[in-house]
Structure formats: C-alpha cells, structure tokens
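Please open the model in your viewer and keep the selection tool at hand.

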Amino acid sequence: MGRNAENLNQPTISAEHLRLLEKLCNAVAVSGNEGEVRHLVMEQIKPYVHTMQIDALGNLLVYQREERSKPLTVMIAAHMDEVGFMLTSEEDKEEGIFRFELVGGIDPHHLAGKTVQAGKGRHKGVIGCKAIHLTTPEERRSSLSIEGLRVDFGGGGRAKVGDWGTFTTPFQKIGGSVRAKALDNRLGVAIAMELLKYEYPELNLVVAFTVQEEVGLRGAKVAAYALNPDIAVVLDCTPAYDLPLQVEDSFYPLENERYNTRLGRGAAIYLSDRATISDPRLVAHFVRTAEEHQIPYQFRQAGGGSTDAGTIHLQRAGIPTLSISVPGRYLHTSASLARISDWESTLRLVYFALQTLPVDILQSDR
Amino acid sequence: MNTYSLSILLRRLTAPPGLSGYEDSIAQEVEALWKPLVDQVSRNRLGSVIGFRSGRGAAPRPRLMLVAHQDSIGLMVSGIQEGFLRLTEIGGVDHRILPGQLVQIHGKRTLSAVVVQPPPFLLPPEAQGGSVPLPYLWADTGLEESEVRRWVRVGDPVSFARNYLELGSDLVCSPSLDNRASLCALTLCLQELCSRQPVWDVWAVSSTQEEETLGGAVTSGFQIRPDIAVVIDVTHASGPSTPSHKTYPLGRGVTLGWGPTVHPKLYETFKDLAEKLEIPYKMEPMPRYSGTDADRLQTVAEGIPTMVISIPLRYMHTPVEIVSKKDIQRAARLITEFAATIEIGFMDKLRWEETPKT
C-alpha cells in the first residue's frame, strides 16, 4: 500500500518515478481531451486514496481520506492538459492534408518540420515546410504563419476533422535532465500523485487533476468550488529563460535579467504573476520550510503568465493560494527540458511544507 | 547473396547521418550493401564509393556511370557559450524549421540536443520581428557546461535526429531521403543487374559532397571517364503552398530532366524506354542547370553525355522529407532496363544531326 512512513519519510525521485513521468509525458492530453492522462493517474493513485470523482468538465477530484476530520483542508491542483492542435478542415482528402488550429500557447515558430500524432489511433503525420529552394530570402526573413502550414498524413492516415494532436517527441533522460513534450505539466501531475502517498497529521488532503488550464484555467475554477478547501497549492511547470543574452549594445542590460527561473536552482515559488498574488503567509511558510530542510528554491520572477491559482484563489469567498513550479526550458514546444534535481526539490518542498503547515496559518498576519 | 526489399534498404540507407564531407557512416553502409552485388568496390580520394561491374561485351567495352549522391544536409557546431551550442549550416537549411528540432551532435560522443529559439528579449533588435536567423539560435544538450565542453568541439557535425516513418502504404518520411531515396534506387538496380547480362561496364557511384560542391561526382567522373553518365536525384514534389509549375506529384512517376545539362538523344532514349516499359514520367524542364551532380559531371574532361532522372520529394531539406516507394521502384526499373539493354554500339546513335557521317 505504500503508506509505510518509514519507507516514505524522505520523498525522492527514483527510477520508478522516471518511468511514471515517461508514461505521463508520452501520453497525449491536449486541452479538452485529457482522458489518457486521467486514466493513467487513476490507475496509479487508486491504492492511496479514498474517493475519485470525475466532474462535469473532466477534472479528476481526489479525496485522500473519507472524513474531513482534521482542522485544515488543503487542495493540491495540477493540470493534466498540454498544448497542441486540432484538425479543423480537410484540405485534400486524397493526400490526407489538413488545416489545423492551435490549442494553448504554442509559438508557431516551433511547428514546421515536426512529426505529429493525431486522433485516438495516434495517426502519424508531419507538419512540413516548402523546400528552401522554392523560397526567396525575403520569405525566409518572415516567420512561417499557421495559415501556410498543414498537417500531412501522407494519404494513409485515418485522422479526421476534430481530432486533437500534438508532437511525437519521445521522453528521454539525458544526464541529470529529462527532455519530453508536455513536461508542462506532467511534472506537476507526477508530484501531486506522489504527495497522495503520504500522511499529513494536521490536514485533509484533496487533489484536483485539472483540465483545460492551457485554454484559460477553466477546470481549476470549478474544481476549487467543488472541493471547497481552506488553502490551495498549485503545482505547475514554469519557463526557465536562462539562456545567454545576445545583446551587446550598452543601452541594454549586460546580463540576462529576465530569466524568470533558472534550471538547477530548485523549486520555483511564485510571488505574483498576471493572474494571482500569492498569499504571503504561504510564501513565508514555504520559504521557511525550504531553508529548514535545505531544499534548493528560487523565486519565480514576477511578471506575466499564470497558473490554475488565477481562478482558484477567486473561488467562493476566496481561497489563499500559492503556486510552486518546476522550472523548465522550452515549455510549449516539441521538446521541453527540466532538471530531475528541481523536480525533486519541488516534491520535497511541498511535502515538508504540508507536513509542517501550522493549523492557524490563516489566522496569522500577512 | 541477399536481396533486400525496398523498405529495408531505405531504412538502412537513411539511418546514417553522413553530412557532406563527414560521410564515413553512409559510405560504409553503401560499401556493405554493394560488395555482394558488384565485382569491385572502392572509395575514391574524396570519399565517393565506386562499384564496378564488368560487362559481357568484347573489350574495350563502353562505360555507363550511374550516380546518386550519398551526402546529406545538416548543421555544424560553430561556437560554445555557457554550455549552449552555436550552429552553422552544411548545405542549405531553412532556419525556420529549426526551433524545437531534435538533432544529434557528433562530438567525441554522440549527444542528443534540441535547437532553441531564444525569447525576443534576449535577442538584438536585428534578430527580432520575424524568423530568428540561424546565428541567433542555440542547441541545448541538456547537459551541464563542463560535460558539454568535454564532449563537443567547434566543428562537430550536427545531424537531424533519425526518424523513419511509413505514412500509409506508399509514402516514407525521414531525414536524408534527399538523396538516400536515389541511392536506394541505385542499389535496387545493382541487385537486379545480378540476374541480367549487361554488355556495357557499369560503374555505380555513391557520390560525396553534392550538397556543397558537387565534388564527388566530378572527381569520380574524371576517374572513371564514362561514355555516358546518368544522375539519379530528387526533385520537388507538390505539397502545401508549393508552386504548381515547379513541382511534381508524389507517387505518379519519375521526372526526366530536359535542358542544357541533359544530352537530348539520351533524353529521347529514356523517354522511349519509359514509354515502352509503361513507367509514368514527366519531363522536368531544367532551363539553366539541373541542381544535381550532372551540372559538373557533363563538363568533366572532354565532356560526358549526361542524363538526369529524379524522384519527387516533398519538404526537401527538412527532417520530414517524404517520397513515394513506387517512384523509387520506377526509377530503379528505368535505370536497370537502360543498363541491361544498352547495346554495344549505342554511342553511334548519340549523334547530333549535324555530325558529319564517317
């Protein structure tokens, strides 16, 4: 059953967790079509939880125990969906060529020249690009727009209009890193799954594996209403823009000051983003926890972007919420990259913070 | 002797990266495949693989040279900064297909990496507002800087990650199908010729460095001094947003080149042969040059009558090049029949109308 506190006292990332993440990342779950990941999650967490429900939008709502007997109810949220596309029109039936539209924030620069998969049968196709020989230098200076791109199933596919699709990049472990599609947010999902294996003396744990985050934080909104927690912690994956600066003009800064987060620097604690100001009491508690347990952490730079916290904290009469993310490079592209050490730091930080969450935290000063 | 199916050959021939100038991997594969099929296999001084098969005619026999280039386009490491790699191109690559592309860095170890387009705020103004040019992209191996320095050096070749995919019953998608599709046709031809009795000597050439200098074909041509050269390469297939007047449909046959590069009598011979064999073909007008090995091959030494046969290919010079297996089969059959049936006195037919009779 895995509830043996001695075995599980120190959460770590093992080979087994890597295998689970591989399955989660290779699964296809574009916003609105999260079934594959939901199925995987349910299969895995079943032994550790009391109740699993699937709500009207497709969220998986999990109650770790039957009773809410403890003083605080904490909701963990992790979105299951990933960015991708939908086939919207069949342009050439014989050739199997489709127009498509993006689902979620994919930068169209990352589409051309990739293998993709669409539909329940995972039909393979490609997004091609006219040969360089047939282009002009002016053409190449401008970006490829989605208007000019097509998914090409080579005449043999059984894909159809309405099918969801995404990239085919296989999961790979590279040294201390993992590279895959959809690390945003299968890393968060994997952490939420792991947290369910542990006992928390002072709190009732409820978990929402949410849908449709990438198209506007929709699932989290209704999940928070239904679960009605005192506190919410959102687990997500946040961009690391920690690349070298390529501007040498003295007018510009001399180093990259807008990295958002950096790989290898630990769990990313949110202070504020476009949609949420994190509850300062929760921030303080998580920072204190990280320092006490010597868990690497960093602050995600304040700025744009948002997580499920954006809709959760505004539910009912308000839910104090904090987002914690694993930093990842190249999110929303065919191949994102994260460090296993950051994944582990995030898992450990949330675990210890929940273990030691003061029951009167919401009565303390901000 | 094993004969291999088209699909197996194509899988084997697309697996090695073999970037122009760094072609050992593909050259070795070609040597292995050709060894049982010809009398002699050798590698010439620039790296082309040459297979020789003696004809049945009386010596001195005329020589037929069949050429398909073995090299592939790709990239090269041009700098290393904070563990990120700078890239430059080998052959022509449209930088717009690079962001998010998986590549292999062929350093002291082969490392997998992803090509990265940095966010605009990390780029100088001249690299913003459109597609980001290759000099501003990075490759990220996911390894720490010290590891990267250990395995990678400036100058290491970088190939697209191998990804062979069958689409439906007839189409195949892979990097490097330009020009491994033609090498596959040439290999099928050599397999088939084993049971035929050509009177001419056949010299098969897997030529090097076509994508950069056409250097393999021109040097092999000088070495072999063929009476006739036939170049097999790929041409543009129609697809999304391609101009219809410069492209040919996939799976509907090969193209026969027509223009200054091609000897008109050779064109006629191949056209007649294709019609006789009921092999679908289209004339491909090449008004100035062919863009293949033929352009330099025809001017080797005192000049070589040259023919160009092409297999339509969609999305050329991307990692998702697509060809039709039927078209490869057709190209193979056409050159096989030509080689197997060419008469000992064929060169006498290759006369210009104005050539004085002797």
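**First stop: chain A as a whole**

Helices (H or I, at least four residues) and strands (E, at least two) are DSSP runs, numbered from the N terminus. The radius of gyration of chain A is 21 Å, close to the 21 Å that the globule rule gives for 366 residues, so chain A is as compact as a globular protein of that length. This radius is taken over C-alpha atoms, and the globule rule is 2.2 Å times the number of residues to the power 0.38. Along the principal axes, the C-alpha atoms of chain A fill a box of roughly 65 × 55 × 40 Å.

A note on what is displayed: this is a predicted model, in which local features need pLDDT of at least 70 and side-chain atom pairs count only at pLDDT 80 or more, while totals for chains, interfaces and linings use all residues. Residues are numbered from 1 along each chain as its sequence is written, and chains are lettered from A and ligands numbered from 1 in the order in which they are written.

**Second stop: the domains of chain A**

Colour residues 5–82 and 181–363 of chain A as domain 1, and residues 84–167 as domain 2; such bounds come from an automatic or database domain assignment. The centres of these two domains of chain A, taken over C-alpha atoms, are separated by 31 Å. Their contact takes 11 residues from domain 1 of chain A and 12 residues from domain 2 of chain A, two residues being in contact if their C-beta atoms, placed from the backbone, lie within 7 Å. The domain 1 side of this contact in chain A divides into three nonpolar, five polar and three charged residues. Here Ala, Val, Leu, Ile, Met, Phe, Trp, Tyr, Cys and Pro count as nonpolar, Asp, Glu, Lys and Arg as charged, and the others, Gly among them, as polar.

Next, select helix H5 (residues 183–195) and helix H9 (residues 340–355) of chain A, which pack at an angle of about 40 degrees with their axes 10 Å apart. That angle makes H5(A) oblique to H9(A). Axes are lines fitted to C-alpha atoms, for helices over the stretch in contact, and angles run from 0 to 180 degrees between N-to-C directions. Angles under 35 degrees count as roughly parallel, over 145 as roughly antiparallel, 65 to 115 as roughly perpendicular and the rest as oblique.

Which residues of H5(A) and H9(A) meet? Show the side chains of A:Leu187, A:Ile191, A:Glu194 and A:Leu195 in H5(A), which meet A:Trp343, A:Thr346, A:Leu347, A:Val350 and A:Tyr351 in H9(A). By class, the residues of this contact of H5(A) with H9(A) are seven nonpolar, one polar and one charged.

The residues of the contact of H2(A) with H5(A) comprise seven nonpolar, one polar and one charged.

While H5 of chain A is still selected, find A:Asn185 within this helix. The peptide bond from A:Asp184 to A:Asn185 is cis, with omega near 15 degrees.

Select chain B, whose secondary structure comes to eight helices and 17 strands. Its C-alpha atoms fill a box of roughly 75 × 40 × 40 Å along the principal axes. Chain B is divided into domain 1 (6–72 + 175–349) and domain 2 (74–160), with C-alpha centres 33 Å apart.

Then show both chains: their contact takes 51 residues from chain A and 53 residues from chain B. By class, the side of chain A that touches chain B has 18 nonpolar, 22 polar and 11 charged residues.

**Last stop: two loops**

In chain B, select B:Pro60, in the loop between strand S2 (49–53) and strand S3 (63–69). A cis peptide bond, with omega about -5 degrees, joins B:Ala59 and B:Pro60.

In chain A, select A:Gln212, in the loop between strand S12 (203–210) and helix H6 (218–227). A:Gln212 has a positive phi of about 55 degrees although it is not a glycine. Most residues other than glycine have a negative phi, and most peptide bonds are trans.
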